[in-house]
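Subject: Handing over a structure, with notes

Dear colleague,

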Amino acid sequence: MTVESTAARKPRRSSKRVSAAKKPQGSEPQLVQLLTPEGERIEHPEYSIDLTAEELRGLYRDMVLTRRFDAEATSLQRQGELGLWASLLGQEAAQIGSGRALRDDDYVFPTYREHGVAWCRGVDPTNLLGMFRGVNHGGWDPNTNNFHLYTIVIGSQTLHATGYAMGVAKDGADSAVIAYFGDGASSQGDVAESFTFSAVYNAPVVFFCQNNQWAISEPTEKQTRVPLYQRAQGFGFPGIRVDGNDVLACLAVTRSALERARRGEGPTLVEAFTYRMGAHTTSDDPTKYRADEERQAWEAKDPILRLRTYLENAVLEKDEAEAFFTSLEEESETLGKRVREAVRAMPDPDDLAIFENVYADGHALVDEERAQFLAYQASFAEEGN
C-alpha cells in the first residue's frame, strides 16, 4: 500500500522561492499559501514561517502516517471489522498543520474526522477505532492529551469549545482553545451561537473550518452565498482563508490565530480550503453526486505530494531523501500492521458498561433502566431453558 496519493509524481522543479506578488494565487477570494501545488516555496506578507529540515521532515512524516492509518481503517471497515469510518483523505495538511501549531496546554474540540489532529496530540491511533468498532464511547481520557472525545452531533463541539475558552479566560490562563468543524456544520445554529458568545465574551478560541467542498452530498455553494471565512465579520471577529492542502500555510495561519487568542484579542475563524478525496463516510458513495474530473483536479493539489516535491528539490540531498522516504515506508507498514492487530484483538465491552459514568453520583432513572436491561437479558436465558 503506497503512502502517497494516487496522483502521478511530478517532475523535479527549481527549488527557488517565488514572490507571491509575481505568482497570482487565482481569482478572489485570495487564500494564504506558502507552498504551491508544484512544490514551490512562496512568501506571504502577513504570514511567514521558517522551518528546519528536521521540522519539515516531521510534518511530512505526520501526514504520511496519518494517511496510512486512515487507509488501514477504511480497509478494516470494508472487511467488517469496523461499523463505520470517516476518512480524512486529502485533508492531512489542514489537520497536521493546525495540530502542530498547538501548545501542550491548548485544548482541542474535534468532530469525528480529526485523526491527524489526534495524532499530533499524542492519542494512540488504535484508540480512535474503538467507537467505530462499537466497543467504547471513545478510548482515551480527554484530559490526558487535552483532546476531547470525538463529537458525532454536527456543530455542537463549537459551543463546548466556546464555553471552555470562556472558562480559560476567567481562570486567567494564557492557553487557547481550537474547535474543528466542516463546511456542512457551518449551517448549524450551534455554530452561529458559538460565534456570538465567543465574540461578546472575547473568548480565546480558534474556529477551524475544514471546507472540503461537500457536506455529504451537498456542495458548499448550496449552503452559503459568501465564502465561509467572511461570515466572521458579521460577528465582529476576523476570518481568514488558507490553502488547506498547504501544511506550511495551515501551520503559520493557525499559529498566528492561537497567539492572537492568547493575547486576549478574541476568536478567529480559519477556513481551510481543501477537498474530501474520498467518501463522507464508508456508507457514502461520492460518485453519485460529484464528477471524477473534480477529484482529478484536486489530486494535482495533493498535500503530501507537494511537500515531498519541496523536500526533494530544496531541502534534502538525494541520498538523504532516499533514506528518509525508505525508512518512512517501513514505518508506515509497521503502523498498518499494528492497527490491524489491535482492532482484531479488541475485547467485547461489558454489557452493563453503558450505564456507568452517566452521572457522577448515580441516578434513580439510570438504576431503573439498568434493572430493566438485566431483566431483558435474563429473559433469553429463561427461554433457552
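A residue is called buried if its relative accessible area is under 20%, exposed if that area is over 50%, and partly exposed in between, with a 1.4 Å probe and protein chains only. By that rule, both Trp-140 and Tyr-150 are buried.

Before going further, please keep in mind that this is a predicted model, in which local features need pLDDT of at least 70 and side-chain atom pairs count only at pLDDT 80 or more, while totals for chains, interfaces and linings use all residues. Residues are numbered from 1 along each chain as its sequence is written, and side-chain values use heavy atoms, with hydrogens and water left out.

Aromatic rings

Rings of Phe, Tyr and Trp (its six-membered ring) count as a pair if their centres lie within 6.5 Å, and the pair is stacked if the planes are under 30 degrees apart, edge-to-face if over 60, and tilted otherwise. Searching the whole structure gives 23 aromatic pairs. One of them joins Trp-140 and Tyr-150, edge-to-face, with 5.6 Å from centre to centre and 80 degrees between the planes. This pair links distant parts of the chain, since Trp-140 is in the loop between helix 4 (129-133) and helix 5 (142-145), whereas Tyr-150, 10 residues apart from it, is in the loop between helix 5 and helix 6 (156-171). Helices (H or I, at least four residues) and strands (E, at least two) are DSSP runs, numbered from the N terminus. Elsewhere, one aromatic cluster is formed by Phe-181, Phe-195, Phe-207, Phe-235 and Phe-237.

Rings can also have a charge over them, which requires NZ of Lys or CZ of Arg to be within 6 Å of the ring centre and within 35 degrees of the ring normal. Lys-301 lies over the face of Trp-298, 4.1 Å from the ring centre, and the charged end of Arg-308 sits over the ring of Phe-325, at 3.7 Å from its centre.

Helix packing

Two packed helices are described by the angle between their axes and the distance between the axes. Here the axes are lines fitted to C-alpha atoms, for helices over the stretch in contact, and the angles run from 0 to 180 degrees between N-to-C directions. The axes of helix 1 (residues 53-78) and helix 11 (residues 303-315) come within 10 Å and cross at roughly 150 degrees. The two helices are therefore roughly antiparallel to each other, a label for angles over 145, while those under 35 degrees are roughly parallel, 65 to 115 roughly perpendicular and the rest oblique. Contact here means heavy atoms within 4.5 Å, and the residues that make it include Leu-56, Tyr-60 and Val-64 of helix 1 and Ile-304, Leu-307 and Arg-308 of helix 11. Val-64 is buried, with a relative accessible area of 0%.

Positive phi values

Most residues other than glycine have a negative phi, and most peptide bonds are trans. Asn-202 has a positive phi, near 55 degrees, without being a glycine, and is found in the loop between helix 7 (189-200) and strand 3 (205-211). Asn-202 counts as partly exposed, at 36% relative accessibility. Gln-213, also not a glycine, has a positive phi of about 80 degrees and is buried, with a relative accessible area of 15%.
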